[in-house]
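Trainee: Please take one part of this model and go through it closely, residue by residue. I would like to know where its side chains sit and what they meet.

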Amino acid sequence: MLALVQLGERLTTLPPTVLSRIPLSAALQEALEESRRIKSLNALRRHYRRLGKLLRTEDLDTIRRVIGEIDDRRQADVNLFHTLERWRERLLDEESEAFGEFMQVYPEADRQRLRQLIQATRREREQARPPASYRKLFKFLRDVAGI
């Protein structure tokens, strides 16, 4: 029962566009909409238990599969984000070796723009200025990676 309550609580955190992809009964959909209006912590706890009871009659495998896909996609995005952060640091700390490796991985990247951003960020660090170029470099890396 606790697992169903936790699953119901997880469903309340999903946006409506994702919930529309999950086959849910009308009663459960109404209960999920109602949960957005509840503000009291105790009332929410009671409501989560109600969601757990409603989930007994649902296709739990499908619900868990869709939630798993969402979590996997989110984790992949986080991993890519961290990879780009590591690239940024390598490009700034290492010289042409990291630059060459990056260009092998992302050959469509604008070489000249990337070099300009790296140089501007290095100057920014040397002069202890706010990290505007540092942010621009990361945005450039995100754009190249397609995020």
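Mentor: Ile70 is found in helix 5. Helices here are DSSP runs of H or I with at least four residues, strands being runs of E with at least two, and the numbering starts from the N terminus. The model is predicted, so local features need pLDDT of at least 70 and side-chain atom pairs count only at pLDDT 80 or more, while totals for chains, interfaces and linings use all residues. Residues are numbered from 1 along each chain as its sequence is written, and side-chain values use heavy atoms, with hydrogens and water left out.

Ile70 counts as buried because its relative accessibility is 7%; buried means under 20% relative accessible area, exposed over 50%, and partly exposed in between, with a 1.4 Å probe and protein chains only. Apart from neighbours within four places in sequence, Ile70 is in contact (heavy atoms within 4.5 Å) with Leu14 and Val18. The C-alpha atoms of Ile70 and Val18 are 8.6 Å apart, although 52 residues separate the two in sequence.

Leu14 sits in the loop between helix 1 (2–13) and helix 2 (16–19). With 3% relative accessibility, Leu14 is buried as well. Outside the four places on either side in sequence, the contacts of Leu14 are Leu19, Ile22, Arg36, Ile67 and Ile70. From Leu14 to Lys139 there are 125 residues in sequence and 27 Å in space, C-alpha to C-alpha.

Next come the charged side chains. A salt bridge is a side-chain nitrogen of Lys or Arg within 4 Å of a carboxyl oxygen of Asp or Glu. The whole structure contains ten of them. Arg10, Asp71 and Arg74 are linked in a network of such bridges.

Arg90 takes part in a salt bridge with Glu94, where the closest N and O atoms are 3.3 Å apart. Arg90 also meets Glu101 in a salt bridge, at 2.7 Å from N to O. Glu101 lies in helix 6 (residues 96–105) and Arg90 in helix 5 (residues 60–93), so this pair ties together parts that are eleven residues apart in sequence. Each of these side chains is partly exposed: Arg90 has a relative accessible area of 25%, Glu94 has 29% and Glu101 has 28%.

Asp93 forms a salt bridge with Arg125, their closest N and O atoms being 3.6 Å apart. Because Arg125 lies in helix 7 (residues 111–126) and Asp93 in helix 5, the pair ties together parts that are 32 residues apart in sequence. Arg125 is partly exposed, at 40% relative accessible area, whereas Asp93 is exposed, at 55%.

For comparison, consider helix 4, which covers residues 41–55 and holds His47. His47 is buried, as its relative accessibility is 4%. Not counting residues up to four places away in sequence, His47 touches Ala31, Glu34, Ser35 and Ile38. Arg46 also has its place in helix 4.
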